[in-house]
Amino acid sequence: IVPTITNTSTKGFDPEAVSKLISKNSDSEIEKLIGNKNAKYYSGFDLDLEEVLEEDKQKYVDFVQKFATKLRENKKTLSVTIHAQEGENDWVGAKGHDMEGLGKYADSIRIMAYDFHNGDSESGPITPILNLQNTLNFSKTKVAKDKLTICLPTYGYDWVESVGTPYQYEDMVKLVAKEKVTVTRDEESGELTGTYTKDNTKHTVWYQDFESI
């Protein structure tokens, strides 16, 4: 059992919560986590702290170093989940993740290789092959390969213009059947895509399935 610690909120991911966690009181926060009454059942922890502020970049590495050291003393492991990075023109939310620094201390680095098109963007493949290749190539220069885990999506989006609603695979299959969407497989990404009209509004869907993954 490896629980994930995240900074999600009702408004999305909260970088201020991360700033508080990795502040000068971080030692006591780490002790609280390791001292949790259920922690004895855990094999370790996963940190999924997203959209970390760029100015907190080094503080986050320092926190991970402290946390990983404490966990190893207790014979437990630490994984860190981070945004995909290609080395140039990376999303601003990824700038608080020092991949190389985090990779020095974490036992594994989990790369979120998805949402290159997402609910706040125009429609398109969730994980374009070129972006995935760039992410893999860049990640291997920063983190030892035996520490890398590549995370792929099992979902898709239903877009109206540049607003996408997420659907897990099974729910997307139901939507496509209900709306009688004719889907085709995108040759480049391998993902499924199609359009339909509802209430005079055009919808565009993209989603992953067994073959695309």
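**Ground rules.** I am working with a predicted model, in which local features need pLDDT of at least 70 and side-chain atom pairs count only at pLDDT 80 or more, while totals for chains, interfaces and linings use all residues. Residues are numbered from 1 along each chain as its sequence is written, and side-chain values use heavy atoms, with hydrogens and water left out.

**Whole chain.** I began with the secondary structure and found six helices and twelve strands. Helices here are DSSP runs of H or I with at least four residues, strands are runs of E with at least two, and both are numbered from the N terminus. Along the principal axes, the C-alpha atoms fill a box of roughly 55 × 35 × 30 Å. I then checked burial: 45% of the 213 residues count as buried (under 20% relative accessible area, with exposed over 50% and partly exposed in between, using a 1.4 Å probe and protein chains only). The accessible surface comes to about 12,200 Å², and 47% of that belongs to carbon and sulfur atoms (Shrake-Rupley method, 1.4 Å probe; for residues, only the protein chains shown count as cover). Contacts, meaning heavy atoms within 4.5 Å, came next. Of those between residues at least 6 apart in sequence, 68% join residues at least 24 apart.

**Cores.** Which residues touch the most other members of the largest nonpolar core? I noted Leu47, Tyr60, Phe67, Leu78, Val80 and Ile109, out of 31 residues in that core. A nonpolar core is a set of buried Ala, Val, Leu, Ile, Met, Phe, Trp, Tyr and Cys residues joined through side-chain atoms within 4.5 Å. Elements supplying at least two residues each include helix 1 (15–21), strand 4 (44–48) and strand 5 (77–83). Helix 3 gives the largest share, seven residues. Apart from this core lies another, of eight residues, among them Leu175, Val176, Val205 and Tyr207.

**Largest pocket.** Its volume is about 820 Å³. A pocket is an open set of points on a 1 Å grid over the protein atoms alone, where a 1.4 Å probe fits, with protein on both sides within 12 Å along at least five of seven lines; lining residues have an atom within 4 Å of a point. Points are joined across faces, edges and corners, and the volume is the space filled by probe spheres set on them. I counted 26 lining residues, with Trp91, Tyr114, Asp115, Phe116 and Asn118 nearest the centre. Strand 3 (12–13), helix 5 (129–142) and strand 8 (155–160) are the elements that give two or more residues. The lining divides into ten nonpolar, nine polar and seven charged residues.

**Pro153.** Is Pro153 buried or exposed? Pro153 is buried, at 1% relative accessible area, in the loop between strand 7 (148–151) and strand 8. Beyond its neighbours within four places in sequence, Pro153 is in contact with Ala113, Tyr114, Ile126, Thr127, Gln208 and Ile213.

Most residues other than glycine have a negative phi. Lys75 has a positive phi of about 60°, and Lys180 has one near 55°. Lys75 lies in the loop between helix 3 and strand 5 and is exposed at 79% relative accessible area. Lys180 sits in the loop between helix 6 (169–178) and strand 10 (184–185) and is exposed at 70%.

Technical notes. Nonpolar A, V, L, I, M, F, W, Y, C, P; charged D, E, K, R; others polar.
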